[in-house]
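Dear colleague,

I am passing on the structure that follows, together with some notes on what was found in it. Please read them with the model open beside you.

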Amino acid sequence: MRVFYIYNVNDFFTSVYDKYPYKLYKMLEDAYYTNKHNIVLSSTYYEQITTNFNKLYINNYINANNKLDSYYYNKNNIHIISSRDEYSKLMVSSYCLKLKTNLNYPTFFKNITTYSDNIFICDFENQDYFWLNKVSKLDKITV
């Protein structure tokens, strides 16, 4: 099971780190692993790097894109796709989206890629990171 943290990076950091995703990943990783005593520092990092998600808008957006899928379910700020091939649980908060899934490219990525071009995804446990719009373009080419 993979756990992806999905960030909406602000325009400045997107333009600076577009070609240097490793550096952006390391900044977010530092904030992620900050201990409770440095929570103020961690919050400051997130505020400088990211733009908050509008929870109401993103919840409605994801629901609208999946409501015809019989394997889709949502309640409050949690969206679930549970089928034979995929189990994905997306939790929406203001500062990031957290996605637990059994796939490397789950259905929710397809929804989020049309939401913004500044989406940066980190899997801290597996030390994986990428700009979603770049992975999506590669995915579309190989199809």
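In what order do the 7 strands of the open sheet stand? The order is S2-S3-S4-S5-S1-S6-S7, with antiparallel pairing; strands here are DSSP runs of E of at least two residues, and helices are runs of H or I of at least four, numbered from the N terminus, while two strands pair if DSSP finds at least two bridges between them. Strand S2 (72–75) and strand S7 (128–131) are at the edges with a single partner strand each, so one side of each has no neighbour in the sheet. From one strand to the next the twist averages 15°, angles being taken from 0 to 180 degrees between N-to-C directions of lines fitted to C-alpha atoms, for helices over the stretch in contact.

This is a predicted model, in which local features need pLDDT of at least 70 and side-chain atom pairs count only at pLDDT 80 or more, whereas totals for chains, interfaces and linings use all residues. Residues are numbered from 1 along each chain as its sequence is written, and side-chain values use heavy atoms, with hydrogens and water left out.

S2 pairs with strand S3 (residues 78–82) in the antiparallel sense over 4 bridges, and Ile-78 in S3 is the bridge partner of Lys-75. His-79 also lies in strand S3 and, at 0% relative accessibility, counts as buried (under 20% relative accessible area, with a 1.4 Å probe and protein chains only). Its side chain makes a polar contact with that of Tyr-72 at 2.6 Å, meaning a pair of N or O atoms within 3.5 Å, one able to donate a hydrogen and the other to accept it, where residues adjacent in sequence count only if both atoms are side-chain atoms.

Best regards

Methods: Buried means under 20% relative accessible area, exposed over 50%, partly exposed in between (1.4 Å probe, protein chains only).
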